[in-house]
Amino acid sequence: MPRAAALSAASAVAALVAALLLLRREGAGPEARSSMTETGALPKLREDFRMQNKSVFILGASGETGKMLLKEILQQSLFSKVTLIGRRKLTFDEEAYKNVTQEVVDFEKLDDYASAFQGHDVGFCCLGTTRAKAGAAGYVRVDRDYVLKSAELAKAGGCKHFNLLSSKGADKSSNFLYLQIKGEVEARIEELKFDRYSIFRPGVLLCDRQESRPGEWLIRKFFGCLPESWASGHSVPVVTVVSAMLNNAVKPSSTKMEILENKAIYTLGKADGDSLKP
């Protein structure tokens with residue numbers, strides 16, 4: 001078997017093993033502390049939120065989730081100012097993106113770019129890479145070190161509500177590096193004591209990536225064939241994750257930290273225009 005084919009096969013097997021581990025770990029970690037029991041008309045909540053003229057930053061806007069998140073934020077006109085923080089400037093052709101501010105930073109020297117994180121009310125972190133793409137050391141550097149330093153600078157810059165895209169099964173004591181790092185990051189950001197800290201733990205993200213990831217493709221096909229009632233506990237479309245993030249952001253909450261597992265994300269992301277019912 002050619003080396004490239006062997007690597008692709010190995011990646012697929014590793015990804016399937018990861019998926020099985022996630023299935024076995026259902027329920028790991030704290031339960032979501034936001035039960036979504038309170039209801040409120042989404043259009044009214046969004047309008048009230050818009051009236052507050054809040055600013056937002058997005059980390060990882062070049063990825064599938066970050067890209068969709070930016071699109072939905074602009075379509076809903078939720079924030080008076082939208083800033084992307086990343087290692088390179090992104091190119092947009094659509095008129096809707098003309099007022100988006102972009103801050104290009106060197107993640108290896110983030111302290112030199114503290115000003116990029118100042119003056120934002122809300123922050124969304126969708127930053128991440130894969131071990132296959134960056135190696136173990138590179139994965140840890142991006143998914144842990146970059147994320148933690150960004151959160152520290154956001155807190156120092158006045159961010160009140162920090163939203164973290166994590167993963168189902170995140171656990172700092174896990175023997176699986178991916179879940180271990182996700183769990184460690186969750187815990188260490190909690191120590192920063194944001195006014196509000198929302199953690200989203202989706203299972204398998206269902207989307208069509210531009211980047212080729214054979215293992216993920218195989219898993220997406222597998223979960224895409226499952227009944228919705230079962231798949232909703234273990235997988236979720238990216239667009240649903242983004243909807244859940246924004247529906248959650250516009251809903252007032254007195255909870256300091258909330259963890260939304262895959263089912264909660266699925267339910268909240270599928271909420272229609274009438275209510276935020278559990």
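Guide: Start at Ser77, which comes just after H3 and takes a positive phi of about 50°. Helices (H or I, at least four residues) and strands (E, at least two) are DSSP runs, numbered from the N terminus. This is a predicted model, in which local features need pLDDT of at least 70 and side-chain atom pairs count only at pLDDT 80 or more, while totals for chains, interfaces and linings use all residues. Residues are numbered from 1 along each chain as its sequence is written, and side-chain values use heavy atoms, with hydrogens and water left out.

Visitor: Which residues of H3 are buried?

Guide: They are Glu64, Thr65, Gly66, Leu69, Leu70, Glu72, Ile73, Leu74 and Gln76. Buried means under 20% relative accessible area, exposed over 50%, and partly exposed in between (1.4 Å probe, protein chains only).

Visitor: Why is Ser55 called buried?

Guide: Its relative accessibility is 6%, and the limit is under 20%, so Ser55 counts as buried. Ser55 is found in strand E1, and its side chain reaches the backbone oxygen of Gly119 at 2.8 Å.

Visitor: What makes Leu127 buried?

Guide: Leu127 has a relative accessible area of 16%, which is under 20%, so the label holds. Leu127 lies in the loop between E4 and helix H4 (131-156). Its C-alpha atom and that of Ala61, 66 residues apart along the chain, are separated by 7.8 Å. Not counting residues up to four places away in sequence, Leu127 touches Leu59, Gly60, Phe107, Val142, Tyr146 and Val147; contact means heavy atoms within 4.5 Å.

Visitor: How many aromatic pairs does the structure hold?

Guide: Seven. One of them joins Phe57 and Phe117, with 6.0 Å centre to centre and 80° between the planes. Rings of Phe, Tyr and Trp (its six-membered ring) pair if their centres lie within 6.5 Å; planes under 30 degrees apart count as stacked, over 60 as edge-to-face and the rest as tilted. The value of 80° is over 60, so Phe57 and Phe117 are edge-to-face. Phe57 is in strand E1 (residues 55-59) and Phe117 in the loop between strand E3 (101-104) and strand E4 (122-125), 60 residues apart.

Visitor: Why is the pair of Phe176 and Tyr178 called tilted?

Guide: The ring centres are 6.4 Å apart and the planes are at 50°, so the pair is tilted. Phe176, at 29% relative accessible area, is partly exposed, and Tyr178, at 32%, is also partly exposed. Together with Tyr139, Phe176 and Tyr178 form one aromatic cluster.

Visitor: What makes a group of residues a nonpolar core?

Guide: A nonpolar core is a set of buried Ala, Val, Leu, Ile, Met, Phe, Trp, Tyr and Cys residues joined through side-chain atoms within 4.5 Å. The largest here has 37 residues, of which Leu69, Leu70, Ile73, Phe79, Phe124 and Met245 touch the most other members. Its largest share, eight residues, comes from H8. Apart from this core lies another, of 30 residues, among them Phe107, Ala116, Val142 and Leu164.

Key. Polar contact = N/O pair within 3.5 Å; in protein donor to acceptor, adjacent residues only side chain to side chain.
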